[in-house]
Each structure stands twice: as structure tokens, then as C-alpha cells.
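Hi,

Here is the structure I promised to pass along. Have a look at it first, and my notes on what turned up follow below.

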Amino acid sequence: MTGAAPLLRDVFGFDSFRPGQEEIVDAVVAGENVLAIMPTGGGKSLCFQLPALMRDGVTLVISPLIALMRDQVRALQASGVCAGALTSGNTEEETEMVWAALDEGRLKLLYIAPERLAAGSAMGMLRRIGVSLIAVDEAHCVSQWGHDFRPDYLKIGALRRALDVPLAAFTATADAETRDEIVEKLFDGVPPRIFLHGFDRPNIHLAFTAKNNPRTQILQFAAARKGRSGIVYCGTRAKTETLSRALREEGHSACFYHAGMDAEDRRIVETRFSREDGLIVVATVAFGMGVDKPDIRWVAHADLPKSIESYYQEIGRSGRDGAPAETLTLFGPEDIRLRRTQIDEGLAPPERRVADHGRLNALLGLAEALKCRRQVLLGYFGEESEPCGNCDLCDTPAEVFDGTEAVRKALSAILRTGEWFGAGHLIDILVGNKTEKVQARRHDQLPTFGVGREYDKRQWQAVFRQMSGHDLVRPDPERHGALKMTEAARPILMGEASITLRLDTIQKAPRRPAVKALVSEEDAPLLSALKAKRRALAEAAKVPAYVIFPDRTLIEMAEMRPGNLDQMMAIGGVGAKKLERFGAAFLEVINGESAPMHPARRKLAGRAAGNVYDQLLQAQAGLMRGVDGIDKVMSCSASQLARVAQMRGDDAQALERLLGARHAERFGAAFLDVLREAR
Ligand code: ADP
Ligand code: MG
Ligand code: ZN
């Protein structure tokens, strides 16, 4: 579309839209009510920031977290956009600046914290400043079911009605219930235009491993990625603290984060994480929404997430910049039991619990997948795809076996003991282990006793884990730890269905997955140097590193090695404003010291006029002392040359007006030649 593409390039520095962005931008610019569901890192911010620049008036952005708003405002300002935030975290000067910009009609985006809407004065103020669009980020915060619920979000509906302007809502949460709630609460039940697609994040490597020695597994995974920013998600607060200590003892820079910490300490971790290169945060799911860092290189789950949506959102925090990122999710029978129990013992109404079991099942299906994990994952979100080539099962296909016989033996052990026992005791029966408990219950008299001697204890554990994963057995909430058969298992028990299981990998030493390098070996030193420069600039400006340039941009610089500002402008992520501010500094890293460029020329970098300017300069050099080389030295100023370079026609009179009669006499003809040739 016209208008959007140049802004995309010049302001945001992107060559093209990501999947889905363009249609959303079009609809928002056109003033439609929009609900856009896009994965984390899919690029939602752009879908309201770009339209805000194309529309008259102020776009009001409602976003749940102050830290996140401030980062976005800073990034916008760095790209030359007039944006501001009104939050409780503002300094007086910041607030003053926002008001001045509003008064002068310059402000394009106003970020506001939802609690501000509660103030009675807010409505009048928002009406006065000419809000023409409301953008709601993290719109799932209106959902009372979600753990991100923000009561103040419920005021947005009334705000939309009062201002009577279009509203665009954004979220990464895909499930139908949340979607319906957003439509009801934000749009008064009148369905907006809904965009739902683009769920693939092909740069994220997916991997699951059965828990063996989880601490060692996580430490190994982190060791292979030392110096790269990552998140380790844990199921409990205590574990975040012990694991972060363990990581520090191994020489990593690591800290922990959970909801039990006070707000100030949590903020410190968030800030450190966004600023520092290579910090590891070991966290509970409380560490989430506030994380807007695009260059997280890996995410590990020390414990199984609670649903396929949570999994997707958590791994989705890595690699937002599109550069390679890696993930590892550990899971074991205890995780499955814990998650099931949490659902059963939770306070949600019954139909919600059924849905929660379903979402957990989907995740377990992914964990126990026998083919490409991405196919399974995207399949869940309704997308069909080819094997991805970027998951552990594409790397090394699963070894499988017909597990029907084993599963039937296990089920029979469960049924013959009245569904009263957990996996440990059942395995003792299967392998013929005469423990005290077995003898006391006379379970050595059962026909099932010792029928499973072909497998050892560990292998049986893997079979039971996979049975849980396929939802063939569930823990009975009434009988602590006891396993109960589900209806899904009946056809297998009756010999009407068979089942394929993974030949489990837990006995083999866990393979260390090869670490993917971000750039080839020969470009690696340059990339480090570029990162060092970025860190220095970021520290000086007190902004997160990616606000200067994202990883992806630095990678492209290291690979393309632009030799001048024009070539630099062609790098993805380099817009006009950033080129002006940082271009020379990074060029210097790439090419060493170089002749400084006049600011007037720098403004033309990456444009045809830049080239014309250079030719004018050359033509001028030949005429400094006149055609015969004997006249008085004369030259035009850089800004005159820049203006000539940007002239639309090749009109001699216009040229004379620009240069003055004397200069036109000496250079006019030669300059006109240059201009004619350039057209
Ligand atoms: P979300 O809010 O959907 O999680 P963001 O808006 O934070 O995602 O964007 C994630 C990353 O993607 C950011 O680093 C952003 O600069 C980058 N990005 C967004 N749109 C594009 C695009 N069209 N081309 C390249 N990078 C993009
Ligand atoms: Mg976002
Ligand atoms: Zn795959």
C-alpha cells in the first residue's frame, strides 16, 4: 500500500512486513475495529505504531506494564517519532514534555497505564487532546480467567464508547474463550475484524527431553550457550533460587525472578535483563509480559509448562528479532502428575477444568511426539505445515516400537490392583520385585506379577510416562498418587487399537545438541566487535541494547560489511534516523577509521541523491580553479550541493537561484550535465 511502505523503511528500518502485519495495518489505518492475534514476537507493536503515524490525531496506547511502555516510547523516539507516556514512573520533565508536545499537536502516540483510566479527570483530558484511535496491547488482560487479568482493562469499553473512535486490540493468546471475552468487554460484543494467523516462528529450535537429572541437563544446556541471554522457567520459586545459584557457580551471569519478590527487586531484574548482554534469568511464569527483549537467544523449561499455550508463549519470548534461538523443555512423570493435580484441585468450574486437561494433553502430545514437533504444534493452532527441519525430531527421528503389548500389561496391573496404586508399586509388580509392600498386599500372587521382565524399571517408567502423555492413565485426585485408566485406553486394552511408543532415550547419555552459530566463523569476530560498540552506545544513552540496533541488524552488518553509509542504509533495521545517529560509528567498526562525511551528505545516504551529490562534488573538484585551472579558487557549500542534488529538473535558472550568479557561471553547465545524466 502507498504510504505505509516508505514509513516502514524510513522510520522503522524494515524492508518488508512480517506475515499478517500488512493487512492489519491496512485495516487499522482505515479506521476499522480490529482484534489481531499474533504470536509473541510476531510484531504486534508495529501494527498500531505505523498506523498512528499515518492517521491524524493522537493514538492512545493502553499497555499493562510501565517498563514495557517506556521501552517502546524510547525506541520510537530513537527512530524520530514523537511519542510519550503518562505513567506513575514519569519524571516531571518527561510529563512536561508530553504535555508540550500535545499542546503543539506534535504527539502521535500517547502511552497510558490502565490504572490512569480510573481517574475521573482522564476522560475529559483524552477528549480534549484529540484521540483518534485506541490501541490496546496485551488485550487478554481483560480476561478474568487469565493470570494476567487487569481489572482496569474493563474500563476500556466505556472509554471507547465515550470517545467514539476505532479500537485495535492485540494479543498473543489464541484460545476461543479469551477471544470471546475480548470481543465482549472491549467491543461491546460487536465482533471487530479479527486477524488470526502467522503462528510459525521458524527461527526457534524446538526440543523436548525426558527428565533424567534435570539440574545437570539445564546446566549443560546453558554451558553450551554461555554468554547468550536466556530464560530458565521453573515450576517453583525455591527452584529459581537454587538453580540460579548453580548457574552462577558455573560462571554464568544469572539471577532469579518470581512473584514472591518485592516490586523493586523484580524491576531491577527486568532492567538488568533488558540492558545486559548474556544474562540468564531463572524465573517462574511471573517473568513474562514485561519481557520485551528481542534478542533472547534461548529458553529452557526445567519443568513442564501448564498448557500448550503457555509453552508457546514462553518459548516465543526467544528470538523475536528473527535470528536463531533455541529451546529445551524437560518433562517427567512428576510434572504430569503435578499439572493434572493442579487442574483437578483448582477452583475453576468443571467445564473449564475439562478444557485445561485438554490443553495439557496437547502439550503432552507434543512432548511425546513421534514426528516433527512444529507440525504438531502448528497443527494445534490449526495450521498445516511440512516437516520443519528445525526441531530435535527433524534433527534425529525418534526411535519407536510397538508399545501395545507393554501398555496392555501396565493397564492390567492397574486394573488388577483396583486402581489404587502409583507407578512405582505397579512397576514392582510388573518386573516381579518382591518388595514388602508387594508381599503385604499379596500382589506376588497376581497373574500380572513378573509379566514385564523384558523391561527394566527405567524402561517401565518411560512407558508409564508416555501412557500419561497419551492420556491413557490419570492420577486419581481422590486417591493420592493412584493411577486410573481413562476411556481413551479401553480400545488398547480390548485389543482394538495399537499404540506406538518412543524407545526412550533416558538410558543413553543425553546428547548435547549442537549449538548453532549466529554467523559463520569468519564473521564472528566482527559481530562481537559490533556488539561491543552497541553496548557502549546503549550504556551511554541508558537504553537497552536492541534500541540501538537489534541482533539481526548487527548480524546482517557482519555478513554484508557495508563500505559506506549508502550501503549501510540497505541493511534491514537501519532507518534514516538511526543511520544519521549511529551509522558512522558502526561503519568505523566495520571499515576502520574513514573520512568523515559532511552532515548534509549524510542526510542523503541510501538515496539516489547521495550518488548525485558525490558526482557534483567530483565535477566541482575539476573546476575549483576554473576550466583552465588558473582562476580564483571557488567552491559551493555542502548544503548547496545537497540542494542541487535534490533538484527535480535540470533548469538552469533554478540552479542559478540556488548557487548565485558567480558560482553558477563556473559550475552551472557541469552540474546540469550531472543532473541530466542522473535522471
Ligand atoms: P510482539 O509485540 O508481537 O511480541 P514486537 O512488536 O515486540 O512483537 O516485535 C518483535 C520484534 O520484531 C521487534 O524486535 C521488532 O522490531 C521486530 N519486527 C516487527 N516488525 C518487523 C518487520 N516487519 N520486519 C522485521 N522486524 C520486525
Ligand atoms: Mg508486544
Ligand atoms: Zn521439525
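**Aromatic rings**

Let me start with a cluster: F401, Y455, W460 and F464 are linked to one another through ring pairs. Keep in mind as you look that this is a predicted model. In total, the structure holds twelve aromatic pairs.

One of those pairs is F208 with F331. Their ring centres sit 6.2 Å apart and the planes meet at 70 degrees, so this one is edge-to-face, given that planes over 60 degrees apart count that way. F208 belongs to strand β9 (residues 208–210) and F331 to strand β14 (residues 325–331), so the pair ties together parts that are 123 residues apart in sequence. F208 and F331 are both buried.

F667 and F671 make a stacked pair, because their ring planes are at 15 degrees, with the centres 5.6 Å apart. Both residues lie in helix α32 (residues 661–678), and they are four residues apart, about one turn of the helix. F667 is buried, with a relative accessible area of 0%, and F671 is buried with a relative accessible area of 0% as well.

**The cavity**

Rolling a probe the size of a water molecule over the atoms shows where empty space is left. The structure holds one cavity of 30 Å³ or more, and about 60 Å³ of space lies in the largest cavity.

Which residues line the largest cavity? They are F199, D200, R201, I204, L206, Y312, I315, G316, R374, L377 and L378. The largest share, three residues, comes from α16. By type, the lining of the largest cavity divides into seven nonpolar residues, one polar and three charged.

On confidence, the protein chain averages a pLDDT of 88, and 96% of the residues score at least 70. Residues 506–511 are the stretch to watch: pLDDT stays under 50 there. The model still has twelve contacts for residues 506–511 beyond four places in sequence. Where pLDDT is low, the predicted coordinates should not be read in detail.

If you open the model with these notes beside you, the F208 and F331 pair and the lining of the largest cavity are the places I would show you on screen.

Cheers

Technical notes: Residues numbered from 1 in each chain as written. Chains lettered and ligands numbered in written order. Predicted model: local features only at pLDDT ≥ 70, side-chain atom pairs only at ≥ 80, totals over all residues. Heavy atoms only, no water. 1 Å grid on protein atoms, 1.4 Å probe; cavity = no way out; pocket = protein on both sides within 12 Å on 5 of 7 lines; lining within 4 Å. Points joined across faces, edges and corners; volume = space filled by probe spheres on them. Helix = DSSP H or I, 4+ residues; strand = E, 2+ residues; numbered from the N terminus. Nonpolar A, V, L, I, M, F, W, Y, C, P; charged D, E, K, R; others polar. pLDDT = per-residue confidence, 0-100. Contact = heavy atoms within 4.5 Å. Phe/Tyr/Trp six-rings, centres within 6.5 Å; stacked < 30°, edge-to-face > 60°. Buried < 20%, exposed > 50% of the residue type's maximum accessible area, 1.4 Å probe, protein only.
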